[in-house]
Amino acid sequence: MNTSLVNVAVLGLLAVIVLTLLTSYVRHRYEWNMAIRNLKLHRTTSVFTIVASTIGTALITAALLFQSSIQTSIDHFLEQKYGQITIVIDGVKPTSGFQYPFQTREINEIKGVIQKRPEIFQGILPTVAIYGTLQSQIDGKVKNTQPKVYLQSFSASEAKRFQPIGTKEIPETLSEQQVIVSEKLANQLQTKKGEKIFLQVPNQEPVELMIEVVLPEKGLTGFRGVDKGSSTAIISETLARKITGISSGYTHLLIANNPELGLDSISLSNSPDSPWNEQFTKAFAKIELEGIEKFTPFFLVSSVTAILVGLLLVRNIFRMILEERRQELGVLRAMGFTRGQVAGILRKEGILYAITSSTLGVVLGIGFSYAVLAMLKDTFAMISQYESFLDVQFEFHLSLLSCSLPFGIGLFFIYFCMLRVSHTVTKTEIISLLQPIQVESIKVEKISKARILISVLLGIAAMTVAYLGQSNDYQTWLAEKDQEVMLLLGNLIVGLGVIVLTIAFVLVGYPVVLQWIERCFRGRPKLYQTLRLFFRYPLQAKKRSAYLLILFTSVMFLLGLSSVVNGTLSPLLEEMSGKNALGGYHLLAQTREEVLPETKEEIARLKVENLKTTTQVTQWQLENFMGANLNGVEKAFMEIVQIPLKSKATRFTTDRQAWQELGHNPKAIIVSEMMVVDEHGNYPKVGDILKLKLPSGIEVEKEVIALAKYEGTMYGYGTSSGIFLQKEEVDRLSKGSRGITTYWLFEAGNEKKTGVLYEKLQQKLNTLGIYQLKNPELAFVAGLSFTQIILGLLEAFSGLATVVGICGLMTILYRVIRERRQQLGMLRAVGMEKKHIWLGVIMEGSVLAMQGILLGLTLGAYVGYLLLTAVFSGEPGSTTIELPISKLVLYFGVAYFITIICSCFPAKASMRYTPAEATRYAS
């Protein structure tokens with residue numbers, strides 16, 4: 001989508017709206033003045049109506065801006081670091097006839113493929129690249145060090161054709177002593193153009209370089225390679241070949257796609273048997289960053305609920321305004337106002353409500369979104385850095401579309417509500433409008449036995465469905481379907497059924513509840529009669545009562561649901577450990593490059609404070625079993641690993657014996673449960689003979705001696721899952737082959753000092769050319785902080801939606817008091833005390849709100865329980881779903897207390913009416 005065109009369209013639409021309003025004001029000034037007068041006259045209820053509408057608009061504005069800012073930050077990062085680069089070919093498959101590095105023949109063949117598909121692929125750029133460490137020095141002493149810098153060289157002329165933007169300042173030739181650095185790298189090293197820096201590559205002498213140009217990061221000048229370097233530098237081809245030891249050919253081929261298509265994962269070959277090792281770097285980066293965006297729909301759901309509740313509230317209030325001012329509108333008609341003019345006054349009021357609430361909502365939403373992102377951006381950056389090695393900077397971005405959309409929604413729906421009301425006026429005759437508001441009959445209808453019976457049956461049905469839905473038999477029956485969608489859908493259907501039956505029970509049985517409350521006060525005749533009098537109003541205004549009940553139920557439902565989710569996930573995340581993710585180890589380093597034997601020996605002999613043991617894992621990806629990892633493990637791994645076994649051969653009495661068997665038997669393998677599956681969808685069992693198809697083309701048969709458990713904490717750490725085999729056997733099978741990934745696992749002597757070990761070990765490994773050192777504990781801490789904040793914000797959003805309900809109750813009670821002013825005057829005239837009128841109004845509103853709050857929290861907690869049951873169904877009993885009773889009771893108490901306090905204001909207004917009000921004809 002072209003952002004500029006969207007912004008122009010939005011601005012044009014806003015200009016049309018403003019021009020239309022100005023024209024309307026000039027042509028119908030008297031109608032606008034009367035509409036403004038009415039808002040001032042009823043300013044108390046106008047304020048509460050605007051507040052209720054404003055909160056909904058503010059929440060949806062904040063949610064959209066929050067989502068837009070995160071997406072824009074990610075888009076800027078991808079544009080800076082990748083640009084049009086979507087594919088990196090960094091090697092060839094062993095079965096092909098091509099050799100590494102890439103020579104002219106391979107490059108021409110790939111160019112031919114690109115030329116056949118010009119609508120998708122736009123160019124190719126051969127490069128020679130390697131990772132290294134750059135240092136800035138002062139008087140021979142190291143000033144700043146930046147490890148894992150992506151050093152690349154290429155033809156400047158070809159680069160400018162490959163990516164015209166951002167490459168114009170690259171000189172045509174670079175000497176062996178010159179270097180081009182990105183602005184970020186220059187800032188990291190605290191250096192500038194013309195100054196000297198030093199390049200260090202493992203097993204080679206340092207090279208002194210002069211900074212020739214400092215360029216902003218833009219695609220090629222910000223690209224950091226497949227292994228996600230820390231920054232970017234461009235060196236001469238002579239120096240690059242000297243460092244890499246390649247006299248001819250290229251190490252990498254960069255492929256550019258058409259950016260307008262947005263297709264970042266289309267392969268050069270239409271066949272899965274492509275001879276090239278294609279890395280979809282940009283697409284992979286997007287996937288790794290998707291987790292940060294996944295939570296935003298939760299905010300959007302809460303926001304949409306809030307705005308819908310607010311709009312329903314506004315519609316109800318507008319209908320009450322019409323009933324309240326029937327006589328006033330009738331008088332205007334009698335004075336000569338046409339139907340259109342009277343309806344126009346009401347429409348103008350609707351526009352004023354809409355513009356005021358929508359504008360305030362957008363302003364508040366901008367502030368709320370900015371504050372939330374300011375609180376979360378460091379956590380987001382930490383997550384992307386620790387989990388994906390992507391240093392995304394999350395910043396607030398004001399989007400015109402994200403602001404105008406909520407503004408337009410609020411403006412349209414509020415105006416539409418008043419339009420419906422004004423249409424009713426045009427269809428009503430003058431005589432009907434002038435009719436005084438009829439005083440309802442004080443007669444209280446007797447509750448029929450049929451109603452009692454139906455309410456009891458509905459209550460029993462709701463409890464029965466709720467009980468059966470959470471029963472072990474029902475959950476087991478769903479789990480047997482072996483389909484996560486079926487399990488989730490089954491629980492959603494039960495939850496929806498319980499909601500419908502419960503709401504129906506409350507609506508049908510509401511008179512019974514009121515009667516029961518009345519009977520509790522039979523010992524106090526005055527209070528008893530007061531309640532009987534005021535409880536008849538909700539029964540007569542059934543639609544209004546049902547609306548308020550559903551309003552409170554909706555907003556408290558979200559609060560109950562988010563409380564259960566938060567209460568369950570927070571303790572679960574706190575129990576996660578980085579040590580469990582690595583099967584008993586604390587740190588993980590990896591490299592995709594070929595590691596020299598002397599480097600491996602040096603890593604094995606590393607002496608670092610708090611480092612207890614080191615072991616190496618060689619990983620190869622199989623051609624069958626859905627590309628499962630083949631992990632070659634050393635005896636040191638077998639002695640320490642803490643990955644529990646789900647099942648094992650009967651000859652083993654302990655898990656440790658099964659792991660140790662790998663060291664003695666090259667035919668034995670241990671397979672991760674649920675992570676290894678053949679082409680027919682079958683999972684291996686203990687005792688099976690698996691035929692493994694290796695990337696080199698050969699096949700070997702191995703016996704499964706045990707099945708290892710797979711835990712969610714292991715996700716993203718390949719050494720903890722797959723097929724485990726002794727390392728010597730993997731080395732023998734993969735000799736002379738490419739595509740091997742080497743891992744090192746490190747165990748800390750003191751687990752509490754893992755952070756210190758991480759920093760010191762990182763420095764040592766950098767000097768050996770090993771840059772990717774992962775500390776799962778840091779990733780879990782960042783993830784825990786992120787999740788807790790998100791769940792807390794979800795509860796906060798739901799809590800703000802509750803304010804909409806409370807404002808709605810206050811507004812409706814104010815309008816109801818004005819509706820009943822003559823009746824209240826009559827009650828005062830016959831001797832009813834002010835305090836009983838005050839108490840009657842409070843009880844009328846608070847009893848209705850209490851049922852809605854209790855109903856919403858209960859249903860929200862129950863549905864949350866069902867959904868979490870579906871999510872954690874894979875391992876029954878492994879996760880305890882927490883029902884935060886104390887928190888739910890607190891929410892109920894706070895919401896009910898605020899409701900009573902807010903009901904006191906309209907109740908106090910009801911005490912101002914005197915007996916003379918009973919004789920008034922119109923206000």
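The following dialogue explains how to read several features of this predicted model.

Q: What percentage of the residues of the protein chain count as buried?
A: A residue is buried under 20% relative accessible area, exposed over 50%, and partly exposed in between (1.4 Å probe, protein chains only). Here 53% of the 923 residues of the protein chain count as buried.

Q: Among contacts between residues at least 6 apart in sequence, what percentage join residues at least 24 apart?
A: A contact means heavy atoms within 4.5 Å. Among the contacts of the protein chain between residues at least 6 apart in sequence, 81% join residues at least 24 apart.

Q: What is the accessible surface of the protein chain, and which residues form a nonpolar patch on the surface?
A: Accessible areas come from the Shrake-Rupley method with a 1.4 Å probe; for residues, only the protein chains shown count as cover. The accessible surface of the protein chain is about 43000 Å², and carbon and sulfur atoms account for 59% of it. Patches are made of residues with over 30% relative accessible area and no salt bridge, with like charges joined within 9 Å and nonpolar side chains (Val, Leu, Ile, Met, Phe, Trp, Tyr) within 5 Å. Leu890, Val894, Phe897, Ile898, Ile901 and Phe905 form such a nonpolar patch, with about 560 Å² of accessible area together. Val894 lies in helix α29 (residues 885-910) and is partly exposed, at 41% relative accessibility.

Q: How many salt bridges are there, and which residues form them?
A: Side chains of opposite charge can pair when their charged atoms come close. A salt bridge is a side-chain nitrogen of Lys or Arg within 4 Å of a carboxyl oxygen of Asp or Glu. By this rule the count is 19. One of the pairs is Lys348 with Glu31, whose closest N and O atoms are 3.0 Å apart. This pair links distant parts of the chain, as Lys348 is in helix α11 (residues 339-388) and Glu31 in helix α2 (residues 29-41), 317 residues apart. Lys348 is buried at 6% relative accessible area, and Glu31 is buried at 4%.

Q: Where do Arg732 and Glu729 lie?
A: Both residues lie in helix α24 (residues 727-733), three residues apart, about one turn of the helix. Arg732 forms a salt bridge with Glu729, with the closest N and O atoms 2.7 Å apart. Arg732 is exposed at 53% relative accessible area, whereas Glu729 is buried at 8%.

Q: Which residues are linked in a network of salt bridges?
A: The network links Lys81, Lys184, Glu217, Arg224 and Asp391.

Q: How many disulfides does a search of the whole structure find?
A: A disulfide is a pair of cysteine sulfur atoms within 2.5 Å. The search finds zero disulfides. The sulfur of Cys904 is 8.7 Å from the closest cysteine sulfur, in Cys902, and is therefore too far for a bond. Cys902 is buried at 13% relative accessible area, while Cys904 is partly exposed at 21%.

How values were computed:
Residues numbered from 1 in each chain as written. Predicted model: local features only at pLDDT ≥ 70, side-chain atom pairs only at ≥ 80, totals over all residues. Heavy atoms only, no water. Helix = DSSP H or I, 4+ residues; strand = E, 2+ residues; numbered from the N terminus.
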